[in-house]
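Here are some notes to read alongside the model. Please keep the 3D view open and look up each residue as you reach it.

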Amino acid sequence: SDTDLGVCDSGITSTSQGPDLDTGDPDSVDNNFGFDDNLSLGDFVWYDNNQDGQQDSDEPGVNGITVNLYDNADCSGAPVDTTSTATGGVPATDGYYNFPDLDPGDYCVEFTGLPADYVYTAQNQGSDATDSDADLTTGQVQNISLTDVDPTIDVGVYANNGQVSGLLYCDDSPENGSQDAGEEISGVTVILSRDLDCDNVGDDVIGSMDTDGTGSFLFENLPVALAPAPPNPQACYVLNYDTSSAELTECNTPITPDTQVVTIDSDDPESESIIFGVVVGGPPAMVPVNSWWSILLLWLSMMGLVWYHRKTT
């Protein structure tokens, strides 16, 4: 346990020797003590439910991901070792991998074989012990200078196959509270935002698009949360449209909420159709009875009645 051993502290010989000396053979040689550095790299691939690039306590490990090890800094040439994530470690958990018995030096780790529609989560989003290290395009973690045991080469992944769709229509042909053929409105901008804490308030705009010739819109390749995984079993989104769009013309009074929420998860990654409905005009604006405007309108009405009475009599 002498600290001068540094990382080369794993015994490869007995730590105790027993030479015998006598007058016939007074010299005992080759009483050697051998040590190895015995370094290792690892150790975790997890499902990033909220796509924040950090390992949260409720986010599970992902088994079956292939991990390649290269004994150079840029993952060039052929890997020197390959493993797959599986249940393991102390305490045992899913998503574990480990490359043991390594010498000090430069290494590169490459993650491959993700399930269909899975992608890597955001890279280097905080503490190195709990963040995701892989490049979003290559899945590689380059320039690892190994001088000690390193269990921090971790990667977050998530499904990216979500869809949110719907349409916008003007209920005027006839006005019956439902969408009929020919009532679609094209060219109106619809905005999709991510609701990171699922409080029905958009946090980050994901994208926007105009309704097509059928009044429809479709957002694809959206992050999906793993279900079930409480307390955050869904990926939450907020939809709204440009209520001031000229394409609405006089059909600009909502009959459905102009902001709507939707959740998708890995069991049901495609949302139900989100319907935005509008009608022409709307009910007359009511004037408060205690306002000066209401008094003026009442007075003008009375004067009109007096004038009409005098004229007819």
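1. Where does Ser 186 lie? Ser 186 is in the loop between strand 11 and strand 12. Strands here are DSSP runs of E with at least two residues, and helices are runs of H or I with at least four residues; both are numbered from the N terminus. Ser 186 counts as partly exposed, because its relative accessibility is 35%. On this scale buried means under 20% relative accessible area, exposed means over 50%, and partly exposed is in between, with a 1.4 Å probe and protein chains only. The C-alpha atoms of Ser 186 and Gly 213 are separated by 5.1 Å, although these residues are 27 apart along the chain.

2. A word on what you are looking at: this is a predicted model, in which local features need pLDDT of at least 70 and side-chain atom pairs count only at pLDDT 80 or more, while totals for chains, interfaces and linings use all residues. Residues are numbered from 1 along each chain as its sequence is written, and side-chain values use heavy atoms, with hydrogens and water left out.

3. Now for the disulfides. A disulfide is a covalent bond between the sulfur atoms of two cysteines. Over the whole structure it finds three disulfides. If you count the bonded cysteines along the chain, the pattern is 1-2, 3-6, 4-5.

4. Take the pair Cys 75 and Cys 108, whose sulfur atoms are 1.9 Å apart. This disulfide is left-handed, because the torsion about its S-S bond is about -90°. Distant parts of the chain are linked by this pair: Cys 75 is in the loop between strand 4 and strand 5, Cys 108 is in strand 8 (residues 105-112), and they are 33 residues apart. Cys 108 counts as buried because its relative accessibility is 0%. Cys 75 is buried as well, with a relative accessible area of 9%.

5. Stay with Cys 75 for a moment, and look at its backbone. What is the phi of Cys 75? The value is near 60°, which is positive in a residue other than glycine. Asn 143 is in strand 10 (residues 140-146). Is Asn 143 buried or exposed? Asn 143 is exposed, with a relative accessible area of 60%.

6. Next, find Cys 170 and Cys 251, which are joined by a disulfide with an S to S distance of 1.8 Å. The torsion about this S-S bond is about 100°, so the disulfide is right-handed. The pair links distant parts of the chain, 81 residues apart: Cys 170 is in strand 11, and Cys 251 is in the loop between strand 15 (235-241) and strand 16 (253-254). Both of these cysteines, Cys 170 and Cys 251, are buried.

7. Cys 198 and Cys 236 are also joined by a disulfide, with an S to S distance of 2.0 Å. The torsion about their S-S bond is about 95°, so this disulfide is right-handed. Cys 198 lies in the loop between strand 12 and strand 13 (204-210) and Cys 236 in strand 15, so the pair ties together parts that are 38 residues apart in sequence. Cys 198 is partly exposed, with a relative accessible area of 29%, whereas Cys 236 is buried at 5%.

8. Please check two peptide bonds as well. Most peptide bonds are trans. The bond from Gly 42 to Asp 43 is cis, with omega near 5°, and Asp 43 is in strand 3 (residues 39-47). The bond from Ser 173 to Pro 174 is also cis, with omega near -5°. Pro 174 is found in the loop between strand 11 (150-170) and strand 12 (189-195).

Terms used: A disulfide is a pair of cysteine sulfur atoms within 2.5 Å.
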